[in-house]
Amino acid sequence: MTATIEASPNAVPGSGAAPTTAPRRRRRMTVSARIAAGVVALIVLVAIVGPLLVGDPNAGDAARRLLPAGSAGHILGTDGQGRDVFARLIDGTRLSLLAGLVPVLFAAVVGTTLGVTAGLSGKWGHRAIMRTLDVFYAFPAVLLAIAIAAALGSGISNSIIALAVILVPPVARVAETETRRLADLDYMDAARASGASRLAIATRQVLPNVAPPVVVYCTALIGLSIVYAAGLSFLGLGVSPPTAEWGLMVSDHTQYIYTAPFLAAIPALAILVASVAFNVLGDGLRDLLDVRSEARA
Amino acid sequence: MTTSLEKDPAATDTTVAPLQVTDLTTTFVSRHRSVDVVRGVSFTLRRGETMMLLGESGSGKSVTARSIMQLYGSAAKIGGSVTMNGRELLGLPAPELRSLRGGQVALIPQDPTGALDPLRRIGSQLVEVLGVHGVATTKQAARRRAEELLAMVGIPDPKRVADSYPHQLSGGMRQRAVIAIAVSCDPQVLIADEPTTALDVTVQAQILELIVELQQRSGTAVLMVTHDVGVARDFGGRIGVMYAGRLVEEGPAAQVLGEPRHPYTSGLLAALPTPGVARGALRSIVGSPPPVGAFPAGCAFAPRCPQARPSCHEQDPPLVTVAPDRAAACPVANPGPAQERAA
Amino acid sequence: MLGYVGRRLLMAIPILFGVSIVIFITIKIIPGDPVASLLGPTGSPEARAALTERLGLNEPWPVQYVTWLGHTLTGDLGTSIARRSDVAPMVLDALMNTLILSAAAAVIAIVLGVAVGALTALRRTGILARLGNALALFSISVPQYSIGLLLIIYLAAGAGLFPVSGMYNPNGDGGFVDLFNHLILPAVTAALVPAGIIARMFRSSVLDVMSMDFVEALTSRGLSHRRVMVHAFHNTVPSLLTVAGLQIGYLLGGVIFVEAVFAWPGIGLLVYQSITQRDLPVIQAGVLVSALAFVVLNLVVDALHGLVDPRIRA
Ligand SMILES: Nc1ncnc2c1ncn2[C@@H]1O[C@H](COP(=O)(O)OP(=O)(O)O)[C@@H](O)[C@H]1O
Ligand code: SF4
Ligand SMILES: [Mg+2]
């Protein structure tokens with residue numbers, strides 16, 4: 001037997017460990033992530049109070065249609081039916097955000113439950129859950145959402161259900177990967193040996209560790225979900241006219257692409273800003289919580 | 001830092017030394033700061049000789065080895081001098097450096113799995129190196145030579161191994177293959193950086209034996225990096241004990257390990273479990289080594305040294321001769337005339 | 001290698017079985033009455049009963065599923081409600097067009113993504129790297145329909161550089177140049193999001209590989225920087241394949257927006273038009289065929305994966 005310095009039985013704690021190069025720096029969010037957090041907060045604020053501050057988004061004056069941005073009383077101009085674009089943009093924030101947010105919340109709860117269950121189950125339980133989820137990976141996600149939404153009929157709740165269904169599998173995979181990683185660590189064995197029930201292990205040992213990567217992943221997923229939700233509306237599968245909603249506005253405004261090209265760009269820009277903000281925030285959270293990056297949906 | 005190794009004139013004839021390192025310093029530079037990791041290391045490696053670098057993990061052994069081969073590129077500033085047969089290596093133009101690396105000086109890294117390209121067959125990785133250094137000119141010759149080399153490092157079925165991918169081999173076989181690549185161009189200096197740490201205990205001894213055998217067969221000089229006193233003891237040759245980026249003691253392995261002069265070396269040896277001695281009775285080194293970038297002024301070992309004096313915290317003692325063929329960087333090591341000479 | 005592909009093929013069977021069940025369920029949850037929508041409001045009770053019988057809607061669900069599966073496997077994808085014609089040929093034509101568009105977009109996405117990813121990985125500072133990173137981030141957040149619209153506004157309608165919609169000129173010769181001109185804008189539009197994701201993934205994969213030990217080991221053997229980079233990029237291929245495969249799958253779904261905007265006569269446009277007409281058989285068939293194409297694509301990617309990475313062939 002050769003003895004090593006590292007393995008020296010009498011070494012004072014720490015004496016064998018490789019020295020850290022520098023005192024551990026406290027992790028902080030990057031500037032861009034903090035800006036993104038501010039934008040997200042602003043969007044949420046507008047979603048809550050915005051509709052109370054602007055006038056009726058459906059009030060239109062046919063005589064004043066397609067006014068350019070900057071016209072008197074219409075900062076962003078009017079649309080094809082003479083409705084104020086700014087009012088519709090602000091009013092539509094709530095629905096556009098909800099349509100993207102709710103599916104992710106649903107997917108976070110269901111996906112985490114499935115993923116943790118699969119991760120803690122034996123071979124067959126694990127297989128049953130993960131193979132079933134694999135089936136959903138066999139569909140191009142957007143197309144599956146479209147098929148489900150089309151089958152259920154248009155309406156915002158149906159679009160939310162459709163999106164939730166396609167977002168569950170990737171969240172479940174993230175949760176499952178993390179659970180399996182934890183299950184390989186010693187302290188889980190210790191918990192099992194101490195006679196803790198499966199449910200107790202799941203809620204006390206696993207959940208607190210699975211939560212950070214899931215939160216990080218879902219934050220970025222909100223950005224994607226907002227784009228998808230608006231996309232379903234754009235295709236006529238979300239809210240029905242004349243409700244103000246960003247995706248529907250894009251599709252509304254597209255008819256005037258030659259007469260008022262910027263009109264379609266306004267709601268599209270709103271979708272872009274919201275989506276980028278959530279994506280950047282997700283990246284920032286990942287750095288902050290020191291979570292390894294995961295594959296995207 | 002000044003180093004005054006006083007040896008007989010023949011031994012210091014640098015023109016014949018395959019490797020001479022003088023006052024080597026390595027500083028990692030990043031945008032925000034620069035840290036000294038190796039701080040004035042000097043030693044001479046003669047033909048057929050073995051030199052051991054022994055020290056705790058993080059003491060700068062691997063960085064010393066890689067600095068000699070200049071593998072850090074622009075990430076590190078390297079100072080001092082590294083010569084092979086009298087020819088200066090630091091600052092050589094890239095093409096000459098390339099023909100040197102793998103040609104005259106070769107590296108066996110710690111983890112054989114990481115040292116091989118996982119997507120290429122062993123044979124093709126060997127053939128590539130042979131081709132780069134012009135050892136074999138035709139494909140067939142290179143392939144034949146590759147199989148010979150694999151057989152030479154004790155691989156029983158070289159043909160099959162040459163056609164295998166790294167993941168198809170055991171850890172020991174992989175390390176043999178890595179060694180075959182390292183010795184493929186008959187290097188004068190072989191640098192082995194903890195070549196057995198990643199391996200099973202059972203194959204560790206075999207790999208060390210293989211290195212000794214290759215060394216004896218071709219007269220290669222070996223620089224062996226290890227944190228394992230047992231390995232150092234088995235290997236013999238000369239030994240340099242490293243602490244915080246500096247050599248603190250140097251001399252023939254048997255003498256240094258048998259009768260250490262520097263308090264750090266004594267601490268290392270005392271930390272070893274000895275048969276017949278109750279574990280609790282062992283002395284060991286208190287505390288942990290200083291992190292790079294935060295070396296204390298004076299002797300870096302002072303905060304942990306049981307024999308430290310007030311002056312130790314102010315002045316870093318140089319490596320001086322304390323006995324024939326032996327040097328140590330500590331006034332305690334030789335309270336006799338040598339210390340007065342240095343002072 | 002053949003054994004590996006064979007195993008993959010076997011594994012695809014239960015997946016396809018699951019796919020068929022999911023599609024069947026979406027058919028069954030449709031609210032409303034398929035008989036009524038086929039007959040229209042004027043159908044007599046006798047006609048209704050006859051049609052219900054003929055469609056097998058009185059049978060229990062498992063029987064209906066087996067019947068439906070049998071029809072599907074023999075290429076009978078039902079009848080379009082809106083067009084009163086067979087769905088199968090309609091969907092296959094559209095699939096061909098979608099594959100043309102997707103293939104073009106995939107090539108653009110991979111070339112662009114690899115270029116930007118490699119650039120931002122190897123030159124981590126500087127204006128070009130920052131630009132690349134920003135581009136990658138924005139492109140993954142952009143709603144495709146709005147990009148398409150902007151391209152139409154500026155390049156097609158504004159500058160008159162490219163045709164705005166369709167696949168061929170109605171009075172053109174239907175040749176390759178005509179197709180190519182029509183293809184550019186929708187392909188670029190569809191490629192943008194996948195290009196961004198591929199760029200981000202490829203960047204981290206290059207950084208991963210460059211920090212692997214063998215890169216240093218190869219340098220220590222005297223290999224030139226160029227040779228070392230050949231090894232390094234070779235090692236990025238497996239993960240690139242995985243990402244590219246995923247992204248091409250995403251393309252197959254995402255092209256629906258692009259096809260809708262550019263009136264490209266593919267599966268997406270077909271499904272889009274069928275949504276407005278509530279023509280469910282066409283929607284289901286479109287999704288089924290896309291899923292099939294996706295599964296086949298995954299098999300191809302897996303086979304390629306096995307070809308470049310000996311570790312997963314084992
Ligand atoms: N490329 C590098 N950049 C910055 N610091 C490094 C680098 N490589 C090693 N170091 C630091 O140098 C110190 C010595 O490392 P090393 O030579 O690997 O120790 P060991 O003696 O265990 O081989 C360590 O603290 C390590 O953090
Ligand atoms: S110089 Fe002083 S502190 Fe350093 S080893 Fe010697 S006695 Fe100890
Ligand atoms: Mg080391």
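Student: How many residue pairs are in polar contact between chain A and chain C?
Tutor: The count is one residue pair, both at pLDDT 80 or more. A polar contact needs N or O atoms within 3.5 Å; within protein, one must be able to donate a hydrogen and the other to accept it, and residues adjacent in sequence count only if both atoms are side-chain atoms. This is a predicted model, where local features need pLDDT of at least 70, side-chain atom pairs count only at pLDDT 80 or more, and totals for chains, interfaces and linings use all residues. Residues are numbered from 1 along each chain, chains are lettered from A and ligands numbered from 1 as written, and side-chain values use heavy atoms, without hydrogens and water.

Student: What makes A:Asp283 and C:Arg200 a salt bridge?
Tutor: The term asks for a side-chain nitrogen of Lys or Arg within 4 Å of a carboxyl oxygen of Asp or Glu. Here N to O is 3.0 Å, so the pair qualifies.

Student: Which residues take part in the contact, and how many?
Tutor: Contact means heavy atoms within 4.5 Å, and chain A gives 44 residues while chain C gives 48.

Student: How much area do chain A and chain C bury?
Tutor: About 3,800 Å², with 80% on carbon and sulfur atoms. Buried area is the accessible area (1.4 Å probe) that two parts lose on being put together, summed over both. A:Phe139, A:Leu143 and A:Leu235 supply 16% of what chain A buries against chain C, more than any other three residues.
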